Every structure is written in C-alpha cells, then in structure tokens.
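Hi everyone, thanks for making time.

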Amino acid sequence: LTGWAIQGCPLPQTPVSGMALADQIGKSIPYMFQDISEKITPLLKKNGLDKHVARAWTYRDLCQVYDFVYQDVRFAFEIMPLADDLFRLTIVERNHTTGFVVTQAANKKAVLAERTSLKDAAELLRLRAEHLFSEIDAHTDHSVADIAADTTSAVLARVTTGKKTVGVMTLPLNANYGGNLQAFALMQALRKLGHAPILINSRHPTRTAPAIASGEGQPLMAKTAGLGDEVANNSFIDTYLQPITRPFNSAADLAKHVAPLGLDAVVAGSDQVWRPKFARSLLTNFYFFGFLPEDSKVRRISYAASFGVPNWEFSEEQSARAAQLIRRFDGASVREDEAVNLCREHLGVVPKHVLDPTLLMTPDDYRPVLAEAPRQSKPGQLLTYLLDVTVDKVSAVDRLSKALSLQAHSTNGLAFPPAEDADASGEDKTVQGWLAAFHDAAFIVTDSFH
C-alpha cells in the first residue's frame with residue numbers, strides 16, 4: 001500500500017482557502033467538513049480504528065484532520081475538499097520516538113490520493129491505517145522477540161545449564177502444516193538454547209497397533225516417522241524433524257525406554273496437546289507426562305501448550321489426573337491468555353503465557369525449507385489461508401482483491417474461491433510449498449496463525 005495514489009489523476013493543484021473553496025462548490029465550510037465526518041467516523045468505528053484516533057479536528061478551514069496514535073507511533077490523515085466534489089488525501093508523520101518511519105518524504109508529508117471521491121478517500125484511509133498498524137507491529141517484533149526469547153529461556157532453561165537431551169512431545173504427526181511447523185520450530189528453539197532435542201514419535205493406538213508395550217526388539221531411533229508416501233508432508237517430517245524415535249502409542253512402552261533414550265527433560269507442546277478431542281487416550285499419560293514415575297529426575301516442561309478452545313473440555317477424571325500431574329512440572333507455559341485462566345481455574349496452577357514456537361523463528365530459520373520449495377502460485381498475489389470459509393470471508397477477500405488490484409489465490413495455487421469443477425489433483429500440499437506461498441505473497445488474508 002506504500003505510495004498508493006489514484007492512477008491517471010491530474011497534477012496537484014495549489015490549495016485554496018476554505019472560504020474560497022466553499023464559494024466554488026456552493027457549500028458553507030461547516031457542511032463541507034460535516035460531509036467528511038459523516039463518511040469517515042462510521043467507517044473508523046465499524047473497523048475498530050476509532051479507538052486509535054487521538055483527535056479529529058479542522059485545520060484552518062482547509063482540511064479535516066484525523067490524528068492517530070498506535071503503539072506510540074503518531075501520524076495523521078488530512079482530507080482536503082477540492083472542487084467538483086473531489087478530495088485530496090494526505091498522510092502526515094507526527095513527532096514520536098519509536099524509530100518507525102511513516103513516510104519517506106523529507107517534509108514527513110505524502111499525498112496518497114490527489115483527486116478522488118470521498119468514498120474512495122475514506123476506503124484508502126482505512127486500508128492505509130490498517131497496513132500501517134501491521135507494519136508497526138512488525139517493527140516492534142524485535143522487542144517482542146526479545147521478550148519472547150527471555151520467556152522462552154525462562155521456561156526451557158529449566159532443563160538446567162549445559163547441553164541436555166530433551167524429548168519433544170507433540171500431537172501425532174500427520175498432514176497438518178501447523179502441527180509439522182510448530183514441532184520443527186520448537187526443536188530449533190531448543191537447539192538455539194544449546195540443547196539436543198529428540199522428537200518422541202507419539203501415535204494413537206489403533207486396531208492394528210493397540211496400546212501395548214509392543215516395541216521390544218525394535219531400534220529406539222528411526223530414520224522415518226513412518227507416515228508413508230501418501231502423506232505429502234512425509235518428506236518434510238523425515239528431513240527436518242530429526243532425530244525421531246520409533247512410534248510410541250502407550251505409556252507403558254514409553255516408560256520402559258526413557259532411560260535408554262537418556263532424556264534429561266521432556267517438553268510437551270506446542271499445538272493443541274491439551275485438547276481431549278485431539279490428544280484422546282494420550283492426553284494425561286503423554287502430554288502431562290503420566291508415563292514418568294513421580295520421583296523421576298527427568299524434568300517436565302510444557303511450552304506453548306494449547307487447549308484449543310476457551311472452555312473446559314476435560315472429563316472429571318481427566319481434570320483430577322491432570323491437576324495431580326501438572327504439579328510435578330518444572331516449568332509450564334501456554335500459548336493463549338484463555339489457557340492461563342483455564343489452568344488457574346481447573347488445574348490450580350498459573351502457567352506463563354508465551355508465543356507459539358513458529359513465531360520465535362527468524363527468516364533464516366525457514367530459509368533452508370524455502371530453498372527447496374516448489375512454487376504453485378505466482379509471486380505478488382493476494383494469498384488466502386482460510387480454515388473456515390464463510391460467505392463474509394469470501395466477500396472480504398473479493399473486496400480486497402478489487403481494492404488492491406491483486407488476484408486472490410489459495411496456498412495451493414488455485415484461484416480463490418475455487419470453482420466447483422476445479423481439478424485439485426495438481427495441488428501442492430507440502431509444508432515447503434505452503435511456506436513459499438506466504439513468502440511470495442504481496443498481501444495475506446487468514447483466520448489462523450498456522
């Protein structure tokens with residue numbers, strides 16, 4: 001959006017006084033600015049931008065001004081009436097000390113639209129403000145990352161100093177992008193802290209693999225997660241989630257092999273490891289470390305664990321068992337503020353609130369994965385990643401596509417929304433391709449963070 005302007009407009013005109021302009025367009029000054037206010041104010045309120053408006057005022061009968069403050073960054077939009085019911089939209093950087101640059105103009109003032117309708121000026125103001133908010137958030141990510149790193153270290157450093165072998169326990173791996181990436185990111189975070197992570201290959205019991213200690217004689221470490229070539233993410237898992245153990249689907253089996261694995265600590269997370277619907281029979285025995293005896297020297301930690309929902313889904317038995325086990329933890333953290341409250345209310349502990357490990361990574365951490373990524377969609381498109389597609393979301397994507405003059409595509413490279421007869425057989429379903437879609441996008445619309 002930076003540098004946006006209405007295309008094909010005439011060169012800037014010299015501003016005239018408010019009184020002279022009022023004479024030209026046949027309106028009194030109050031009515032001119034009342035029109036602007038009646039258009040802008042509801043738009044700001046509808047989109048939740050009004051809470052960031054510090055002041056709305058009229059400057060010397062020349063223009064209506066909206067001063068914004070967002071994370072201590074100060075800027076303003078000026079809307080100046082012109083002749084022929086047209087308006088000029090300008091952005092102005094106010095004095096602030098955050099280091100964020102609103103505009104590169106030497107006078108800290110840039111014209112966004114020289115001559116446009118009030119409706120288009122209002123929409124452009126909204127888009128520019130929302131984009132600035134995103135840029136400001138990204139600018140402050142360094143400080144957020146520092147805080148997150150401190151919190152991460154505070155939780156994960158409970159494994160004590162020195163290089164330690166840490167078992168990472170997450171939901172059974174499958175084709176889910178987020179599940180794969182958060183496991184990758186947590187292992188990377190542990191490596192950066194100087195430890196040696198091992199992914200514990202948790203699997204749900206099945207009819208063909210019942211929950212018994214059936215792994216006798218099998219090597220403890222595996223070259224593959226064993227998902228098979230039919231799972232598109234199999235190559236990512238087998239390449240980037242190493243070292244990995246053989247599958248474990250019972251607490252009894254896993255308990256027998258903690259000593260041979262030489263674990264100094266186990267970390268549960270992130271993802272929805274504490275959601276009964278997904279964890280199922282592994283909930284307390286695996287992700288609350290029920291497989292460890294009470295006097296075990298292996299340190300117990302959760303990092304960015306999630307319940308997945310803001311309400312309590314544990315049964316009475318699960319609640320009692322989890323409350324008993326979590327008191328043995330050396331460090332506990334969750335990824336949502338609601339999860340902090342759920343732990344406090346139902347488990348009697350107050351965990352730390354931390355970032356999901358995918359958000360602890362830098363571009364350099366993802367670069368090796370991107371290097372081998374196929375490209376299904378063209379760079380510079382409007383990317384959509386919507387887990388729950390609704391009529392409202394489709395409408396929002398359509399409006400953005402038109403406003404940004406960008407084609408909308410899904411992460412698989414297909415146009416959004418897909419046609420009913422679209423052939424999806426050539427879709428890319430790999431983690432590498434999914435990441436590449438985000439990397440190459442000009443603008444992203446999503447209802448999920450991974």
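Let me start with a term: two strands count as paired if DSSP finds at least two bridges between them. Helices (H or I, at least four residues) and strands (E, at least two) are DSSP runs, numbered from the N terminus. As for the ground rules, this is a predicted model, where local features need pLDDT of at least 70, side-chain atom pairs count only at pLDDT 80 or more, and totals for chains, interfaces and linings use all residues. Residues are numbered from 1 along each chain as its sequence is written, and side-chain values use heavy atoms, with hydrogens and water left out.

OK, strand 10, residues 265-268. Which residue of strand 11 stands opposite Val 267? That's Ile 301; strands 10 and 11 run parallel and are joined by four bridges. Strand 6 (residues 165-169) also runs parallel to strand 10, again with four bridges, and there Val 168 sits opposite Val 267. From strand 10, Ala 265 and Val 267 point one way, Val 266 and Ala 268 the other, and all are buried. Buried here is under 20% relative accessible area, exposed is over 50%, and partly exposed is in between (1.4 Å probe, protein chains only).

Five strands make an open sheet, ordered 1-2-3-4-5. Strand 1 (53-59) and strand 5 (109-116) are at the edges with a single partner strand each, so one side of each has no neighbour in the sheet. Inside that sheet, strand 3 and strand 4 pair over seven bridges, and Met 80 has Arg 88 in strand 4 as its bridge partner.

Arg 60, between strand 1 and strand 2, has a positive phi of about 50 degrees without being a glycine, and it is exposed at 66% relative accessible area. Lys 108, in the loop between strand 4 and strand 5, has phi near 60 degrees and is partly exposed at 36%. There's also a cis peptide bond from Gln 242 to Pro 243, and another joining Phe 416 and Pro 417, with omega about -10 degrees.
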